[in-house]
Structure formats: structure tokens, C-alpha cells
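Okay, thanks for having me.

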Amino acid sequence: MSRVAIVTGGTRGIGEAISLALQEMGYTVAANYGGNEEKAKAFTDKTGIATFKWDVGDHQACLDGCAAVTEALGPIDIVVNNAGITRDGVLAKMSFDDWNEVMRINLGGCFNMSKATFGGMRERGWGRIVNIGSINGQAGQYGQVNYAAAKSGIHGFTKALAQEGAKSGITVNAIAPGYIDTDMVAAVPAPVLEKIVAKIPVGRLGQASEIARGVAFFCSEEGGFVTGSTLSINGGQHMY
Ligand code: CAA
């Protein structure tokens, strides 16, 4: 029986590319999604990958959702914490809700999903957790105190949990994507985005599939000696 992987936010953008890459590796993939029913249905029709709807910022929903995936597909050995949102704005204009929602979903989601799956991985002596951070968690970004704080937190979370999982065959790693050609980046005002792209040495936005390659490496059987690591995939924009 093939190992089961869950990808949060796995039906669109970077998450969709990750779901496909893990499916190609022979894993049984479950794609979680938060709200876009239409896109989730189209994704299943196209890929045959089962989708599961819940809010990763909701602790109980993650416990229940992972139980449902286990019931349908088998025990979860691989978790990719990809789901994330932006609520950009300068601090002076940012509401507490915009701060809190980004922390709850982007950082809280990693805690909730890891809590729901780590015990089972430890019992079975094998696991892979990959957290999607961001260049903006490494370098900061004007207008993103919430997102930069949450993504920076993900990098710390990764290194701490890696130490806890190491003796049980569980690796915990992070990817720090730069600006990738997705709906999230398309929402950045065009003149702002132009200035950002001008600072990318490779001279273009990244592709979701280029992030998925990194995730696939961390999730492979051969990746067992790589843990607590952050792989920057950003076209040379920030060399960290
Ligand atoms: N550095 C310095 N100053 C900046 C700046 C920057 N990077 N960006 C904007 N400013 C300045 C502007 O020049 C302007 O100055 P003046 O008033 O003196 O002209 C001032 O800040 C206000 O700028 P805006 O008119 O843009 O202000 P706003 O309130 O309308 O919008 C904002 C502010 C929401 C932060 C907007 O600039 C924005 O959306 N920026 C993009 C933020 C960004 O990169 N988000 C990434 C999303 S994708 C993602 O997060 C994925 C990932 O992991 C990489």
C-alpha cells in the first residue's frame, strides 16, 4: 500500500503542483482546501485526487479532517503545510483581524496539522513534514508584518519540530518560495510587482512546479538525512 500524503491548500496554485508531484511519486494524495468548491471539483475531475474541505486555522477541524483522510485513504505519513493567505497593508492601516487571521491560518495551520499527524508518524517510525515558508519570512516585506511574522515563525517551527522528530524517522523541512506565478502574487498591484520582478536576478516569476520539485525531494525515501533544513527557491532574489 502506498504512503498517504496530505497537502493543505492542495487544489490551487503551488499546492496543486505539489499534489501532482507527490502523486507522480506514487503516493496516495489527499488535497485539503478551504473554500473554492468549484476549483476543488475541477481538480478532482482532472487528477483523480480526493479533496477534503476544512479550515486549517481551526484546530478541531484539522483533527477531524485528518481522521476523515485516514478513514478514507489510510494513515497519513506525509504532510505538506502549504495553505496560506495574505492580508497586506502597512502596520498603520492593518486591523487586528488582518493580523490575527494570517497568524491563525498560516502559522496556526502548521501547528494544527502537525498535532493531528505527528503521533501516528512517531508510532510508525516514519514521516515527512514540509512547511511552505516564504522569502518574505526571511527578508521581511513592506506591507506584510503579519505575513512576514507568520512565515518567519514557520521557519522556527520547522527547526524545533525537526529536533523532536529526528529520533522517530520523521523529517521536518521548509521551502522558502520567492515570487511565484500564482493568484496570490497576481493580486499585488502591478506597479509594485514590476519593481519586485526587476530585483529577481533570474528575471522572472517562479513556476509552481519549481516549488513542487523541492517538496518532492524532501518527501522522498532518500531524503531521510535532510531535516530542519530550509530550501530557498527564489530566482536568486534573496541569498540566505
Ligand atoms: N519600500 C519602501 N516604500 C514602499 C514600498 C517598499 N517596498 N512599497 C510601497 N512603498 C511606499 C510607496 O512608495 C508609497 O510612498 P509615498 O506615499 O511616499 O508615495 C507608500 O509606501 C504607500 O504605498 P502604496 O500606495 O502602495 O500604499 P497602499 O497603502 O495603497 O498599499 C501595500 C500598501 C498594501 C503594502 C502595497 O504596497 C502592496 O500590496 N505591496 C506589495 C506587498 C507584497 O509584496 N506582498 C506580497 C504578496 S505575495 C506573497 O506574499 C507570496 C510570497 O510568499 C512571496
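So, start with Met113: leaving out residues up to four places away in sequence, it touches Ile6, Thr8, Trp54, Cys62, Cys66, Val79 and Asn81. Contact here means heavy atoms within 4.5 Å.

Quick caveats. This is a predicted model, where local features need pLDDT of at least 70 and side-chain atom pairs count only at pLDDT 80 or more, while totals for chains, interfaces and linings use all residues. Numbering runs from 1 along each chain as its sequence is written, and side-chain values use heavy atoms, with hydrogens and water left out.

Now the core. Which residues touch the most other members of the largest nonpolar core? Out of its 30 residues, those are Ile6, Trp54, Val69, Ile76, Val79, Met113 and Ile129. The elements giving two or more residues to this core are strand 1 (4-7), helix 3 (59-73), strand 4 (76-81), helix 4, helix 6 (145-165) and strand 6 (170-177). Helix 4 gives the most, with seven residues. Apart from this core there's another one, of 26 residues, including Ile78 and Phe218.

On terms: a nonpolar core is a set of buried Ala, Val, Leu, Ile, Met, Phe, Trp, Tyr and Cys residues joined through side-chain atoms within 4.5 Å. Buried is under 20% relative accessible area, exposed is over 50%, and partly exposed is in between (1.4 Å probe, protein chains only). Helices (H or I, at least four residues) and strands (E, at least two) are DSSP runs, numbered from the N terminus.

Let's stay on helix 4, residues 96-124, which is where Asn112 is. Is Asn112 buried or exposed? It's buried, because its relative accessible area is 6%. Beyond its neighbours within four places in sequence, Asn112 contacts Val56, Gly57, Asp58, His59 and Cys62. With His59 there's a side chain to side chain polar contact at 2.8 Å (a pair of N or O atoms within 3.5 Å; within protein, one must be able to donate a hydrogen and the other to accept it, and residues adjacent in sequence count only if both atoms are side-chain atoms). Asn112 and Gln60 are 52 residues apart in sequence, yet 8.2 Å apart in space, C-alpha to C-alpha.

Thr117 lies in helix 4 too. Thr117 counts as buried, because its relative accessibility is 5%. Setting aside neighbours within four places in sequence, Thr117 is in contact with Cys66, Ile76 and Val79.

Last stop on helix 4 is Trp99. With a relative accessible area of 31%, Trp99 is partly exposed.
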